[in-house]
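Thanks for coming, everyone. Please bring the model up on your screens. I'll walk through it chain by chain.

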Amino acid sequence: MKIEATPDFSFLSMLTDASFIVQLVLLLLLLASFMSWWFIFQRLFILRVAKNQAEEFEKEFWSGVDLQQLFQRLTSGRVVPRGMEKIFEAGFREYAKLKKQSGMDISSVMDGTRRAMRAAYQREVDALERSLAFLATVGSVSPYVGLFGTVWGIMNSFRGLANVGQATLAHVAPGIAEALIATAMGLFAAIPAVIAYNRYTHDIDRLATRYESFMEEFSNILQRQGR
Amino acid sequence: MSTPATAQYRFSAGVLALLVHVAFFALMVFGISWQAKAPQGVVVDLWSNLPAPPTPPAMAPRPPPPPPAPEPVKKIEPKPAPPAPRQKADIALKEKRKQQEEQLKEEKLKQQAAARKQAQKERELEEQALKEQQKEEQARQAKALADQQAQAALARLTQAKQAAAQQSIVDDYTNRISAKIRGKLNKTLCGDGKPLLVFDINLLPTGQLLGNPVLRQGSGIAACDRAVENAILQSDPLPVPPQPELFSRFRELHLKFRPNE
C-alpha cells in the first residue's frame, strides 16, 4: 500500500533530457534574452545620460550665457557634443558660416540653419533609437519560438505515449514539463523586451519633442539676432 | 556606428545582463520545488498505523538440483579368445587339440554366464536409479505443494493484516472527521437533551465537500441543526485517506451526531 512516488526531476535534468530541437530553441531564446537584456541596460544608461545632458544644457542655454561663448566651449572641449548640444553646435556653426557670406537675406540664412539642425537632430534621434528594433523583434517573436519548442516537445512526449500499452499521466507529465520550459523561456525573453521597448520609445519620443522645441526656440533667437 | 557613449556602457550593460540571467537560472534551479510532496501530516499518520509491509517470500522455489545422471553403463567387451595355436597334424597334438577345444568351450560357457550376470547387475542398477528418480520426483512434488500451501496461507495472512490495517485507517479517519466537525460545533445551541442528527454529505477525493450537507434527521431544534450544518461546512476540507481504494468508502458519508455526548 505504498503511495505512488512522484517522479523526481530537477530543472537541470529536464534541460539535459529534452529533445534536440527543444534544446536548440532554448539556446536560441537564451541568446535572444541575453542580447535583449544587454540592449536594455545599454539603452537605460544612454537615455538617462541624454536626458541629464538635455536638462543641463537647457539650464545653461536659458541662463543668458553668450551664444558665441557657449559655442566656443562646446567645440573646444575634448568631449564630443551629444544630443541637444550637438543640435546647437550644428545650427550655430551653419548660422555663423552663412552670416559671413555677404548678400544673403535672413530667411535663407535661417533656412540653411534649420536644415543643419534638422540633420543633426535626426542623427541624434537615430543614435538613441538604435537596437530598439531588436527589442521589438524579440518581444514579438520569442513567445512564438518558445511555443514552437513546447509544441515539439509535447508532440514527442505523446509519440512516446503511443508505444506504451497503459497510458498514464506519469508517462507524459515529464515530457510536457520539459516542453513548457521553452514557453517559459520565451516569455522570459519577451516580457522585459516588450516593456523596455514601450518605455524607451516613449522616452525617446519625449526627448525628440524636447529637441524639436529647442530647435524652434533657438531659430527664433537666431532670427532675432540676425536682423 | 559605435559612438564613444555607447561603447562606454557596453561592458557594464553586458555584465548586468549576465547577472540577470544567472539570477533567473538560479531561481529556476533552486527557487521552485520541482518535487511534488504529499501533505506531511497524512504521511506520518499513515505510516505510524501500517504494519511493516510483509516481505513476500521468494515466489519461485529454487529449481531442484538436476537428478544425478545415471551411471554410464560400462560396456564389457568379451575378451577375445586367445587364438588357438595352430597345430600340425599330430595325434598327440590332436588330443591336445581336443582338450583345447573343450577348454575353449568351457571358457565360452563361462564367459557367457559372466556376461549374463553382468547384464543382470546392470539391469538391477538401472532399476535402482529409476526408483531413486521417482522418489526424488515425488519428494519434489510434495515440497512444491507444501510451498504453495504455505504461500497461500501467507497471502491470506497478509491480506487479513492489510484488511485490518485498512480498517484501522478507516477508523482513524472517521474519528478525525468527527473530531474536526466536533471542534467547530457550537454545542450550546443544542440544548440539554440528547438530540440525534443525521447528515448525508458527499466528498471529493481532496476531502472537499461536494454540494451542501443534507439533513436526513433533525434534532427538532432549528438552531442546533444549523449549528451542525455550519460546523460541517466550516470543517471543509475533511480529512480523507489519500488511497483511492480507501477513499471509496468516504465518498458518501452518513454522519450521525450526538452533540451532547
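One definition to begin: buried means under 20% relative accessible area, exposed means over 50%, and partly exposed is in between, with a 1.4 Å probe and protein chains only. Now the ground rules. This is a predicted model, where local features need pLDDT of at least 70, side-chain atom pairs count only at pLDDT 80 or more, and totals for chains, interfaces and linings use all residues. Residues are numbered from 1 along each chain as its sequence is written, chains are lettered from A and ligands numbered from 1 in the order in which they are written, and side-chain values use heavy atoms, with hydrogens and water left out.

Let's start with chain A. How many helices and strands does chain A have? Seven helices and zero strands. Helices here are DSSP runs of H or I with at least four residues, strands are runs of E with at least two, and both are numbered from the N terminus. Of the 227 residues in chain A, 41% are buried. The accessible surface of this chain is about 12700 Å², and 59% of that belongs to carbon and sulfur atoms. Those areas come from the Shrake-Rupley method with a 1.4 Å probe; for residues, only the protein chains shown count as cover.

Next, confidence. pLDDT is the predictor's confidence in each residue, from 0 to 100. Chain A averages 87, and 96% of its residues score at least 70. Where is confidence lowest and highest in chain A? The lowest mean is 76, in helix H1 (residues 11-17) of chain A, and the highest is 92, in H2(A). Watch residues 1-7 of chain A: pLDDT is below 50 there, and the stretch has seven contacts in the model beyond near neighbours in sequence. A contact means heavy atoms within 4.5 Å. Where pLDDT is low, the predicted coordinates should not be read in detail.

On to charges. Side chains of opposite charge can pair when their charged atoms come close. A salt bridge here is a side-chain nitrogen of Lys or Arg within 4 Å of a carboxyl oxygen of Asp or Glu. Over all chains, the search finds ten salt bridges. One of them joins A:Glu58 and A:Arg210, at 3.4 Å from N to O. A:Glu58 lies in helix H2 (residues 20-61) of chain A and A:Arg210 in helix H7 (residues 169-226) of chain A, so the pair ties together parts that are 152 residues apart in sequence. A:Arg210 is partly exposed, at 22% relative accessible area. A:Glu55 joins in too: A:Glu55, A:Glu58 and A:Arg210 are linked in a network of salt bridges.

A:Tyr144, A:Leu147, A:Phe148, A:Val151, A:Trp152 and A:Met155 make a nonpolar surface patch of about 610 Å². Patches take residues with over 30% relative accessible area and no salt bridge; like charges are joined within 9 Å, and nonpolar side chains (Val, Leu, Ile, Met, Phe, Trp, Tyr) within 5 Å. A:Met155 sits in helix H6 (residues 132-162) of chain A, and is partly exposed at 46%. Then there is A:Ser131, in the loop between helix H5 (106-128) and H6 of chain A. Its phi is near 65 degrees, a positive value in a residue other than glycine. Most residues other than glycine have a negative phi, and most peptide bonds are trans.

Now chain B. This chain has five helices and three strands, in the order α-α-α-β-β-α-α-β. Buried residues make up 20% of its 261 residues.

B:Arg140 pairs with B:Glu137, the closest N and O atoms being 3.2 Å apart. Both lie in helix H3 (residues 91-184) of chain B, three residues apart, about one turn of the helix. B:Arg140 is partly exposed at 30%, and B:Glu137 is partly exposed at 38%. B:Asp172 and B:Arg176 also meet, at 3.9 Å from N to O.

Last, the strands. Strand S1 (residues 197-203) of chain B has five of its seven residues buried, so it is largely enclosed by the rest of the structure. Two strands pair if DSSP finds at least two bridges between them. S1(B) runs antiparallel to strand S3 (residues 252-257) of chain B, with six bridges. S1(B) is also antiparallel to strand S2 (residues 209-217) of chain B, through five bridges. S1(B) and S2(B) form a hairpin with five residues between them, and B:Gly207 in the turn has a positive phi of about 95 degrees.
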